[in-house]
Amino acid sequence: MAEKICVVRQTIIYLSDKIRSGYLSDPKGRRISEQILLLIEEIAEGAASLDHLTGIDTLVESYFYEGSPQPNLEVGKALKETIVEHREIFQSHIETRNCPSHDCGKLAPSPCQMACPAGIDIPTYLTLIAKGKDAEAIEVIRRDNPLPWVCGLICTRPCEFMCVRARIDAPISIKFLKAFAAERAMSDRAYKNPPKKEFNGKKVCVVGAGPGGISAAYYLALMGYGVRVIEALPVSGGMMMVGIPRYRLPREVIDREVAMVEELGVEFCYNTRFGRDVTLEGLKEEGFEAFFLAIGAHKAWTLGIEGEQKFPKVLDAMTFLKDVALGDHHAPGKNVVVVGCGNVAIDAARTSLRLGAESVTIAYRRSRNQAPADPEEMEHAEEEGIKFVFLTIPQEILGEGQTITGLSCMKAELVKVKNSDRLVPTPIDGQDFIVKADVVIAAIGQYVDTSGMEAFEGVNWSRRGTIEVNHASMETAMPGVFAAGDAVSGPATVIEAIGGGKRAAYGIDRYLNNIPQPRMPRIPVRQTIESPVEMTASRKMTLKPPVMPMLNMDRRRTTFQQVELGYDEESVRQEASRCLRCDICRRCGKCVEICRDKMGIDALQLGYMDFDVVTETDFRTTAENCITCGACAANCENKAIVIDEKDGQRRLVLCGTVLNSQTIQYCDECNAVLPSAEYLQFITNKTGHVTQVVDQRLLCNDCQRKIGARVNHPIP
Amino acid sequence: MSKHYLSQDTKKCIGCHTCEIQCKLNKNLPVGPKLCQVIQVGPKLVGEIPKISFIFMSCFHCENPWCVSACPTGAMQKRAKDGIVFIDKDLCVGCKTCVSACPWGAPQWNPNIGKVEKCDYCMDRIDQGLEPACVSTCTTNCLSFGTVEDATLIRRERHAASVSSFDENS
């Protein structure tokens with residue numbers, strides 16, 4: 001068997017060929033082969049359990065009975081070799097319901113799920129939310145992400161950037177729907193932890209109670225480990241708590257979700273710094289067998305310009321945000337200048353404004369398009385009255401005595417340089433200017449604070465000062481020590497840390513059970529296939545994404561109340577039902593091709609299916625030309641587009657969207673179901689030149705034969 | 001009309017359905033599609049005696065086949081050299097227009113593969129000089145396969161026999 005395509009698919013092709021060609025002439029061998037084929041097909045469809053593999057093993061053995069003919073022995077031997085050699089591939093198809101090479105067409109995960117660093121099964125939970133099953137949706141999310149509420153408010157939402165619906169109008173607001181479901185489930189007291197395994201006697205120490213640490217602690221606790229989380233700060237949440245301001249992420253949200261993790265028996269030790277308050281030896285003596293480092297990247301880079309060391313009011317954004325989060329609610333000054341334009345810079349600027357600063361300016365050396373901050377965040381900041389000055393390179397902090405008076409800057413232009421994709425800001429001579437300031441906040445990036453980590457001698461640190469790991473298991477070079485989050489990636493996102501923490505938890509579990517670590521990261525798991533929400537083509541096309549209601553502007557400029565107020569329930573259900581269900585339809589475009597090129601009907605206008613050249617999509621136009629012949633449905637591998645019969649109508653339904661509905665006709669003789677009038681008209685148009693139009697009764701296939709028999713051969 | 005002709009002597013047929021079974025085995029068909037089918041007509045009282053007929057129905061391989069005209073993909077075809085109407089399953093997309101177009105119910109639906117199946121007089125067999133599968137196992141020899149000319153002669157002879165004065169039933 002050739003090695004090019006997925007082994008599971010390959011085995012199916014091999015076996016079908018042996019059966020169809022009549023090569024297996026022995027009836028018993030043929031029966032065995034057909035049974036094995038059925039089992040493998042179920043594996044390829046994601047409908048199998050691990051029992052299928054044992055079943056196949058037994059069946060393969062039964063080829064080798066006494067006197068079994070040569071073809072049986074040959075096929076049996078080939079199958080045995082394949083199953084032994086590629087057992088883990090079959091196993092991963094069963095366990096993950098995924099085919100990594102996408103050869104088993106039915107098993108492709110949706111683009112949003114593939115884009116999510118934590119691999120959440122997004123289409124499934126969106127459908128559950130659309131159906132009003134919030135608690136079930138949370139249960140699905142928490143299989144991959146223990147903090148759905150937090151992520152629902154502040155995730156950088158890589159999923160939405162991959163959303164296929166964006167090719168039609170706008171991406172689904174995946175992010176916030178999660179927050180709604182979490183809030184509702186929490187309020188209904190339906191936000192529950194899954195059952196955890198019995199304590200297995202092993203203990204793991206997690207360093208850092210940020211998203212990475214919480215995520216690892218959650219999955220480890222579920223697997224039955226004793227988990228202690230060491231946290232230097234007096235609060236949990238890490239950067240989510242002391243980095244993200246509470247007008248974006250209320251404290252209570254973190255507290256509630258951390259409480260869920262605590263409920264699993266995870267022990268949190270606050271105000272405890274690793275290397276100062278606890279030591280590696282001490283923890284090892286206590287019986288901790290594995291360590292997970294999720295210490296984040298909390299140290300801010302300094303500007304490195306003149307005057308920086310001279311004035312007390314030169315702050316770094318991290319310290320500033322942390323102090324505010326921990327209770328220092330004093331305005332840093334009247335005229336605040338924030339240097340940098342990442343999300344931290346925006347947070348520092350908006351926080352300064354809320355604390356009472358009169359003017360807040362963000363100075364960035366590149367232009368708006370290059371700014372790393374979320375464009376939406378920048379817009380919110382601008383709405384609140386924060387000024388942006390782009391192409392501005394800070395040169396010197398000016399002042400008298402201890403007081404800052406301004407920030408001297410150079411105007412820059414973007415220049416293309418060799419060996420760099422990014423345009424480089426270069427000062428323009430003679431265009432220096434001064435920005436009025438009494439506080440300068442540097443927000444140009446953070447790095448990992450390695451103090452206290454000396455005990456982990458075997459851990460390798462990269463040139464950027466981050467921990468080097470195997471990204472599949474998050475294992476460091478030091479046995480039993482794992483790491484994830486910003487400490488590994490450098491300043492990144494909450495969801496990446498959560499994904500890393502989850503991978504680390506599985507890595508630790510393998511380490512403590514002496515199972516070799518995987519070489520490739522796990523592929524996202526499709527949990528179930530939730531039946532799609534049914535609606536008309538018009539509704540599917542005309543549903544519009546809701547507009548996020550915002551806190552009024554005066555409060556946004558003066559208080560720390562949550563800015564995004566959240567959608568109402570109706571909007572949430574509607575928005576969730578806009579999902580195209582890419583977990584069912586993998587957009588191979590076969591239906592469109594068959595309808596257009598083979599049938600010549602061209603009723604399916606589904607331009608979104610083409611990834612490279614997106615053309616117009618309109619579900620409503622299908623009904624104009626479609627004859628409900630069902631050729632599209634007959635050729636859909638995933639049963640994403642189906643023909644069904646309901647209330648006297650034959651309908652064409654694509655992932656819940658009713659594209660067409662035509663009246664069913666019945667056989668005049670036996671009342672059997674017949675094609676629609678539109679379909680018969682299509683045939684008449686094609687056969688009109690050879691058939692005479694006569695007064696024909698509508699007859700089904702069987703009756704036509706019966707009547708044909710009677711007419712031609714009357715009983716003698 | 002193809003140059004071949006499959007004729008049935010209804011007087012000889014006992015309705016054993018062996019032809020159907022042989023056809024299915026030969027084409028490896030699942031439950032459902034019957035490329036040929038023996039249809040029972042009757043029983044009906046003719047005078048005092050209940051009578052029954054078994055009619056062999058497959059495909060007539062029409063001169064102007066409606067199924068071929070109806071097929072949008074060109075899967076349903078008429079073989080140029082002898083007029084056999086057959087389906088190229090690689091081209092079939094399962095729209096079933098042929099099924100609906102045929103007044104005789106000849107094209108049959110194979111639900112397992114989502115495509116249409118149809119009697120092709122076992123083209124592969126007749127090209128090798130064999131008879132169609134159904135004919136080859138007919139228990140009473142009521143099915144015969146040959147040219148249209150043969151068939152018309154058979155029919156004339158049969159009719160002549162039935163109207164002859166020796167036949168007591170006429």
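# A first look at this predicted model

Leaving aside its neighbours within four places in sequence, A:Ser92 is in contact (heavy atoms within 4.5 Å) with A:Arg97 and A:Asn98. Welcome to a predicted model, in which local features need pLDDT of at least 70, side-chain atom pairs count only at pLDDT 80 or more, and totals for chains, interfaces and linings use all residues. Residues are numbered from 1 along each chain as its sequence is written, chains are lettered from A and ligands numbered from 1 in the order in which they are written, and side-chain values use heavy atoms, with hydrogens and water left out.

**Around A:Ser92 and helix H5**

- A:Ser92 sits in helix H5 of chain A; helices (H or I, at least four residues) and strands (E, at least two) are DSSP runs, numbered from the N terminus.
- A:Ser92 is partly exposed, with a relative accessible area of 22%; buried means under 20%, exposed over 50%, and partly exposed in between, using a 1.4 Å probe and protein chains only.
- Between A:Ser92 and A:Asp568 there are 476 residues in sequence and 40 Å in space, taken C-alpha to C-alpha.

**Where helices H1 and H5 cross**

- Two packed helices are described by the angle between their axes and the distance between the axes.
- Helix H1 (residues 7-20) and helix H5 (residues 87-96), both of chain A, have axes that come within 9 Å and cross at roughly 100°.
- Axes here are lines fitted to C-alpha atoms, for helices over the stretch in contact, and angles run from 0 to 180 degrees between N-to-C directions.
- H1(A) and H5(A) are therefore roughly perpendicular to each other; angles under 35 degrees count as roughly parallel, over 145 as roughly antiparallel, 65 to 115 as roughly perpendicular and the rest as oblique.
- On the H1(A) side the contact is made by A:Val7, A:Val8 and A:Thr11, and on the H5(A) side by A:Ile89, A:Phe90 and A:His93.
- The residues of this contact of H1(A) with H5(A) divide into 4 nonpolar, 2 polar and no charged; Ala, Val, Leu, Ile, Met, Phe, Trp, Tyr, Cys and Pro count as nonpolar, Asp, Glu, Lys and Arg as charged, and the others, Gly among them, as polar.

**An enclosed helix, H7**

- In helix H7 (residues 122-130) of chain A, 9 of the 9 residues are buried, so H7(A) is largely enclosed by the rest of the structure.
- Among the buried residues of H7(A) are A:Ile122, A:Pro123, A:Tyr125 and A:Leu128.
- The buried residues of H7(A) pack against helix H6 (111-115), helix H8 (134-142), helix H10 (158-162), helix H11 (174-187) and helix H23 (569-576) of chain A.
- After H7(A) comes A:Gly132, whose phi is positive, near 80°.

**A three-stranded sheet**

- Chain A has an open sheet of 3 strands in the order E10-E11-E12, with antiparallel pairing; two strands pair if DSSP finds at least two bridges between them.
- Strand E10 (392-400) and strand E12 (424-436) of chain A stand at the edges, each with a single partner strand, so one side of each is left without a neighbour in the sheet.
- From one strand to the next, the twist averages 20°.
- E10(A) pairs with strand E11 (residues 403-415) of chain A in the antiparallel sense over 8 bridges, and A:Thr392 stands opposite A:Lys411 in E11(A).
- The hairpin of E10(A) and E11(A) has 2 residues between the strands, and A:Gly401 in this hairpin takes a positive phi near 60°.
- E11(A) and E12(A) pair in the antiparallel sense over 9 bridges, with A:Asp432 in E12(A) as the bridge partner of A:Met410.

**Salt bridges**

- Side chains of opposite charge can pair when their charged atoms come close.
- The count comes to 42 salt bridges over all chains, a salt bridge being a side-chain nitrogen of Lys or Arg within 4 Å of a carboxyl oxygen of Asp or Glu.
- A:Arg30 forms a salt bridge with A:Glu34, the closest N and O atoms being 4.0 Å apart.
- A:Arg30 and A:Glu34 are 4 residues apart in helix H2 (residues 27-44) of chain A, and therefore separated by about one helical turn.
- Both ends of this pair are partly exposed, A:Arg30 at 25% and A:Glu34 at 39%.
- A:Glu139 and A:Arg143 meet in a salt bridge at 3.4 Å, N to O.
- A:Arg276 and A:Asp277 meet in a salt bridge at 3.0 Å, N to O; A:Arg276 is exposed at 58%, whereas A:Asp277 is partly exposed at 39%.
- A network of salt bridges links A:Arg248, A:Asp347, A:Arg350, A:Arg354, A:Glu377, A:Glu383, A:Glu384 and A:Arg556.
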